[in-house]
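Biologist: I would like a close look at a single part of this model. Please start there, then take me around the rest.

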Amino acid sequence: MSYSIEMELRGSCLFAAACGERTGENVSAIAREILDKCVRNNIVDVFLDLRQLTGRLNISDSISVITKEFPEMDLFGKLERVAVLETSERHERSRFFERAAHARGYNIRMFDDQKEAADWISKSRQPA
């Protein structure tokens, strides 16, 4: 695999940053690593920085990750919020992934602004 990922637990959130090549296989592997870390540590919120991944997924790979890989990982119900930070150049393209994930019940939101992403993910940890 041609990627690397750094993960850090900060309170009740997992902060992760990936770099390398953006392929369907790598995106699925990154998701599996993150989910495994979250399950082992009872974490339900993730802040994922993908700005250092190169390339882009084609539509077929995006749909496959959401419809095949996420269900195989039993992702539904294990993660409450996933904020994904992307470059502004890739933000509009990544919105397709967000809409497709939402249509299948996953609470994944794409951002090109780090503060907005951090604010959104932190709202889930604030008492009502």
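Take E86: does this residue count as buried or exposed?

Modeller: E86 counts as buried, because its relative accessibility is 2%. Buried means under 20% relative accessible area, exposed means over 50%, and partly exposed lies in between (1.4 Å probe, protein chains only). One caution before we go on. This is a predicted model, so local features need pLDDT of at least 70 and side-chain atom pairs count only at pLDDT 80 or more, while totals for chains, interfaces and linings use all residues. Residues are numbered from 1 along each chain as its sequence is written, and side-chain values use heavy atoms, with hydrogens and water left out.

Back to E86. Its place is the loop between strand 4 (81–85) and helix 3. Helices (H or I, at least four residues) and strands (E, at least two) are DSSP runs, numbered from the N terminus. Now look across from E86 to D113. The two residues are 27 residues apart along the chain, and their C-alpha atoms are separated by 8.0 Å.

E92 counts as exposed, because its relative accessibility is 60%. E92 also belongs to a negative surface patch, together with E89, D112 and E116. Such patches are built from residues with over 30% relative accessible area and no salt bridge; like charges are joined within 9 Å, and nonpolar side chains (Val, Leu, Ile, Met, Phe, Trp, Tyr) within 5 Å. Asp and Glu count as negative, Lys and Arg as positive; His and the chain ends are not counted. Each charge is placed at NZ of Lys, CZ of Arg, CG of Asp or CD of Glu. The areas come from the Shrake-Rupley method with a 1.4 Å probe; for residues, only the protein chains shown count as cover.

Charges can also form pairs here. A search of the whole structure finds 10 salt bridges. A salt bridge is a side-chain nitrogen of Lys or Arg within 4 Å of a carboxyl oxygen of Asp or Glu. One of them joins R32 and E72, whose closest N and O atoms are 3.6 Å apart. R32 lies in helix 1 (residues 24–41) and E72 in helix 2 (residues 59–72), so this pair ties together parts that are 40 residues apart in sequence. R32 is partly exposed, at 37% relative accessibility. Another bridge joins E69 and K68, at 3.7 Å from N to O. How do these partners sit? E69 is buried, with a relative accessible area of 13%, whereas K68 is partly exposed at 42%. R32, K68, E69 and E72 are linked in a network of salt bridges.

Helix 2 holds another residue to look at, V65. V65 is buried, because its relative accessibility is 1%. Its C-alpha atom is separated by 13 Å from that of S94, which is 29 residues away along the chain.

Next, go to the start of the chain. I5 lies in strand 1, residues 3–10. I5 is buried, at 18% relative accessibility. R10 is partly exposed at 42%, and E8 is partly exposed at 41%.

Now visit the loop between helix 1 and strand 3 (45–54), where N42 sits. N42 has phi near 55°, a positive value in a residue other than glycine. N42 is exposed, because its relative accessibility is 70%.

Last, step back to the whole chain. It has 4 helices and 5 strands. From the N terminus on, the elements run β-β-α-β-α-β-α-β-α. The C-alpha atoms fill a box of roughly 40 × 30 × 30 Å, taken along the principal axes. The radius of gyration is 13 Å, which agrees with a compact globule of 128 residues, because such a globule would have a value near 14 Å. That radius is taken over C-alpha atoms, and the globule rule is 2.2 Å times the number of residues to the power 0.38. Buried residues make up 44% of the 128 residues. E86, at 2% relative accessibility, counts as buried too.
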